[in-house]
Amino acid sequence: MSNEVHSGPPDQTQELEKLPLDSWHRAHGGRMVPFAGYEMPVQYEGIIAEHLWTRENAGLFDVSHMGQLLIGGGNTDTALEQLMPGDFQALGDMKPKYSLLLDEDGGIIDDLMATRRGSDFYVVVNGATKLGDIDEFQHRLPREVVVDYMKEQALLALQGPRAAEVLETIVPGVSQLSFMEAGPFHALGAPLWISRSGYTGEDGFEISVAGNAVEKVADAVIAHDLVKPIGLGARDSLRLEAGLPLYGHDLDRETTPVMAGLNFAINKRRRAEGGFAGALRILAELENGPPQKRVGFDVDGRQPVREGALILDGEGNELGKITSGGFSPSLQRPIAMGYVAAPFAEVGTSLKLEQRGKLFEARVVAMPFVPHRYYRKGAA
Amino acid sequence: MSLYFTKDHEWIRVEGNSGTVGISSHAQEALGDIVFAEAPPTGRELRKGEEAAVVESVKAASDVYSPVSGSVIEGNPAIVDDPALINHDPEGAGWFFKIEVEDPAELAELMDEAAYRDWVKTL
């Protein structure tokens, strides 16, 4: 068989870091692979079983590779607005907000979550990009704004329809949070910062805890019969079904928020006033439409169509590329997302995908592929 | 009947001049959940080492190479209908195709079962 199976040891030129829960993952049967500079569990019992478990019960993910930053000093909110299109001045306390770190051309340097804590902002960025992000913040924010990389802080995610009832037994009161609310808690002798958010499309929480206390939290959560540990493999298939873009694949410096269909991250006031990196281009794209758009695809047949496959029109002209694709465990069929020239982005458009010389029939569909099930207080 | 393995983790079980080909238990384990498989059509002429079939897991796509040269007798429709069969019974019901062994001398270049199992432990 080709490649993956016997590709030998991974590239050793880069020294891989260990997660605080490294031995915990191994003890729970995690298969460790290099990812974002860390050794991380790609799976435990199997990606499909873990994926379906998370959709039905609750899955525990270790996302400690992600960068947790505390940015403060000076007028942090207006300073952040220079680099990102969110309305941070009006952002309420302890309300996580999805935003985008932009370069001067409007290209996406990273996608992130920013939460106001008084005058400071707690920012969670992607693992593979965190050092570059810190550099961007330090160089592009005014001198009085200080970026503190909380390197010793671990991050867990508990995701799934049973997540709230599980976490409530360990952290009383946590189920009072609504989707996209956060707050400080204390449990198991450790301070916790918990937000009701995630990357699976399910209800769930993200729990920030000191690296030296994370094992206690992981043990307490996993002791529950409704919880299993979930690896990176299922994290990827869950977020794909939820239609959520993955930085470095579906988003990069070549894409703008408008191309990526992330217009919701550009607030009304910011649209009116501009004043963020790349605003000229981004506001023009909002006005006139972007040249390319990120869309979802249903793919005929059973074979997964993956990142890098070409998207073609009926005459074989290249319209764009697939940026994420795979087999959907929940739908039991292949799904994908990618960028196409704007005139072909209409839902229902039939297109062809080409992978390793083989053509696949596909249709543009609305995302998410699997409906989101976030918990909003007061909603039925 | 004899069983041989390649360094690319295919196996071939030979009876007379007919061989049954699949991927090893080690290979399916490394691939993880298999979601797609394709077998070669009857009558296709394969060279030793040529891409003969496709297998895809949630994570990755791989080609299955023919351990010997010869003509395909039949593909296994069961793995096309239920690719997970390759995970459940990789060296039995999860076979990919049967081939008419053209040159038995090619078998001598493969590993026997004991050699393969020992070698896999070193990976």
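Modeller: The model is predicted. In chain A, the domain assignment gives domain 1, which is made of residues 3–63 and 152–241, and domain 2, which covers 291–380. The centres of domain 1 of chain A and domain 2 of chain A, taken over C-alpha atoms, are 27 Å apart.

Between these domains, 15 residues of domain 1 of chain A are in contact with 15 residues of domain 2 of chain A. On the domain 1 side, helix H2 (47–56) and helix H7 (232–241) of chain A are the elements that give two or more residues. The largest share of that side, 4 residues, comes from H2(A). By class, the side of domain 1 of chain A that touches domain 2 of chain A holds 6 nonpolar, 4 polar and 5 charged residues.

The contact with the other chain involves 18 residues of chain A and 20 residues of chain B. H2, H7 and strand S17 (318–328) of chain A each supply at least two residues of the side of chain A that touches chain B. The residues of chain A that touch chain B divide into 6 nonpolar, 9 polar and 3 charged.

Chain A also has an open sheet of 5 strands in the order S6-S7-S8-S5-S9, with antiparallel pairing. Its edge strands are strand S6 (97–102) and strand S9 (146–149) of chain A, each of which pairs on one side only. Neighbouring strands of this sheet are turned by 30 degrees against each other on average, direction ignored. Strand S5 (67–72) of chain A pairs with S9(A) in the antiparallel sense over 4 bridges, and A:Ile71 stands opposite A:Val147 in S9(A).

As for the backbone, most residues other than glycine have a negative phi, and most peptide bonds are trans. A:Ala36, which is not a glycine, has a positive phi of about 50 degrees and lies in the loop between strand S2 (31–35) and strand S3 (38–43) of chain A. A:Ala36 is partly exposed, because 18 other C-beta atoms lie within 10 Å. A:Leu188, also not a glycine, has a positive phi of about 55 degrees, and its place is in the loop between strand S11 (182–187) and strand S12 (190–195) of chain A. With 13 C-beta neighbours inside 10 Å, A:Leu188 counts as partly exposed. Finally, a cis peptide bond joins A:Met367 and A:Pro368, with omega about 5 degrees; A:Pro368 is found in the segment after strand S20 (358–365) of chain A.

How values were computed
Residues are numbered from 1 along each chain as its sequence is written. Chains are lettered from A and ligands numbered from 1 in the order in which they are written. This is a predicted model: local features need pLDDT of at least 70, side-chain atom pairs count only at pLDDT 80 or more; totals for chains, interfaces and linings use all residues. Domain bounds come from an automatic or database domain assignment. Two residues are in contact if their C-beta atoms, placed from the backbone, lie within 7 Å. Ala, Val, Leu, Ile, Met, Phe, Trp, Tyr, Cys and Pro count as nonpolar, Asp, Glu, Lys and Arg as charged, and the others, Gly among them, as polar. Two strands pair if DSSP finds at least two bridges between them. Axes are lines fitted to C-alpha atoms, for helices over the stretch in contact, and angles run from 0 to 180 degrees between N-to-C directions. A residue is buried if 20 or more other C-beta atoms lie within 10 Å of its own, exposed if 12 or fewer, and partly exposed in between; C-beta atoms are placed from the backbone.
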